[in-house]
Amino acid sequence: MIYLDNAATSWPKPAVVAQAIGQFLETSAANPGRSGHRLSLAAARVVYNLREALAEFFGLEDPLRLVFTSGVTESVNLALRGLLRPGDHVVTSPIEHNAVMRPLRALEREGVRLTIVPGTANGCLRLGDLELSLRPETRLVVLNHASNVSGTILPVAEVGAITRRQGKLLLVDAAQTAGVLPIDMKAMNVDLLAFSGHKGLLGPTGTGGLAIGERVDVRDMAPLKRGGTGSRSEFEEQPDFLPDKYEAGTPNSVGLAGLAASLDFLRQRGTEALRRHEMTLTGQLLEGLRAISGVRVFGPCDPARQVAVVSFTLTGRHVSDIALQLDEEHGVLCRPGLHCAPAAHRTLGSFPEGTVRFSPGAFTTAKEVEAALAAVARLARAPT
Amino acid sequence: MTAHGVVLFHGIQAALRAEKVLQKAMLTVKLVPTPRQFSSDCGVALRFAWSDLDPVRDRLATAKVEIDVIHPLE
């Protein structure tokens, strides 16, 4: 079996993840921050230490401004719902995932004004277009760090310089980049970073967070949910301090214990080495696919300008048929269709049919990529 | 003479941050259930030697750890 669906979730996970989860369940899985006994404190320390480690990893000074969520989707919803009010204007990129587009479309119906910056054919945007779209009432720019369809990396630091200069906030969806590309919120002027724990960070599903920079006034950012926090129990109003304001309910401490282990693994292996590995595989995929007659590859087609996500079509074949054949006849697991990102497919010119997406990961080998390419070549040769 | 003091916090994650900051500064501290007479927003408080009051205050201020209040323990 060849797993090329790491953009959906990374797999396999480092062995230490399952070990850490098992150990946490057996030794310290009390409710963190609720009771104050030794097991509760042990669990709360696991959560805190990860908070601190991730804050450092993303260049966020105050670890208490990093709040845990169930993943990028919840983080993006928290930021958008929390900050935007009727009459506010928000700007976004042409390659957003539905995690961003659906909350934005819903807010649009409630009176928030939305501008989508036009895209280039390979899924990028022009900084001049973005700057021109900013208005006095623009509150926020939302940017996908890298497309989950074409892998295209957007110029976050360059946009950050613009939003900083213009006094606007920048929210970055780092679903495809956290753990893969270096992210320094301070240096890149990212005000809100929504990240997932189960993709490039190699942790379990159900983990992620929102890192909130110093320029965001949290008094203006409403929580998405309200409830028990283990603090201020005598009051029936949600606490206004962090992280409790945004962390109602018992956290996914079991998942976070796994994420702490995968983050350690990542830092030991070195994210730069992993990025080089993924760039090599991406280059191999791009070269191999483009050599196959009838294959069309979407996106920048340059490993330096994309993450390890490659989308393609095959003339005369439905993408769903290709994926099914790859799975059943060749054991190659990938994802066909629109990838929850119709906006990105429109920009790339692959809407409504969609593409077949190959996304290698930290544990994919060159030999596996070679076998997947051979499988596509055989499909391309077979009569339709 | 007062032997210990406690630092109260709004939430446990701030208490844990304070614990790490002070331990790194080689100060002896312990997380304890918040003494009932002080009540608190948060279920745990950080106990420290009262003779360390100044360094405890300084370190927490330098690290920008938000605290609720500091009390001596009788």
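Where in chain A is the place of Val90(A)? Val90(A) sits in strand β3, residues 89–92 of chain A. Strands here are DSSP runs of E with at least two residues, while helices are runs of H or I with at least four, numbered from the N terminus.

Some housekeeping before going on. This is a predicted model, where local features need pLDDT of at least 70 and side-chain atom pairs count only at pLDDT 80 or more, while totals for chains, interfaces and linings use all residues. Residues are numbered from 1 along each chain as its sequence is written, and chains are lettered from A and ligands numbered from 1 in the order in which they are written.

Back to Val90(A): it counts as buried because it has 25 C-beta neighbours inside 10 Å. The cut-offs are 20 or more other C-beta atoms within 10 Å for buried, 12 or fewer for exposed, and partly exposed in between, with C-beta atoms placed from the backbone. Setting aside neighbours within four places in sequence, Val90(A) touches Leu84(A), Leu104(A), Val112(A), Leu114(A), Arg139(A), Leu140(A) and Val142(A). A contact means that the two C-beta atoms, placed from the backbone, lie within 7 Å. Leu134(A) is 44 residues away from Val90(A) in sequence, yet the C-alpha to C-alpha distance is 8.4 Å.

Now zoom out to chain A as a whole. It has 12 helices and 13 strands, and its C-alpha trace spans about 70 × 55 × 30 Å along the principal axes. Of its 384 residues, 52% are buried. Take the contacts in chain A with a separation of 6 or more: 70% of them join residues 24 or more positions apart.

What about the inside? The largest nonpolar core has 132 residues, and Leu193(A) and Ala194(A) have the most contacts inside it. Such a core is a set of buried Ala, Val, Leu, Ile, Met, Phe, Trp, Tyr and Cys residues joined through C-beta atoms within 7 Å. Helix α2 (residues 38–57) of chain A gives the most to this core, with nine residues. Beyond four places in sequence, the contacts of Leu193(A) are Phe58(A), Val172(A), Ala174(A), Ile183(A), Met185(A) and Ala211(A).

Just after the helix, Gly167(A) takes a positive phi of about 70°.

A few backbone spots are worth a look, since most residues other than glycine have a negative phi, and most peptide bonds are trans.

| Site | Backbone feature |
|---|---|
| Trp11(A) to Pro12(A) | cis peptide bond, omega about -5° |
| Leu242(A) to Pro243(A) | cis peptide bond, omega near 0° |
| Met26(B) | positive phi, near 65° |
| Lys64(B) | positive phi, about 55° |

Pro12(A) is in the loop between β1 (2–3) and α1 (15–27) of chain A, and Pro243(A) is in the loop between β8 (208–212) and α8 (253–269) of chain A. In chain B, Met26(B) lies in the loop between α1 (12–24) and β2 (29–33) and is exposed, with 7 other C-beta atoms within 10 Å.
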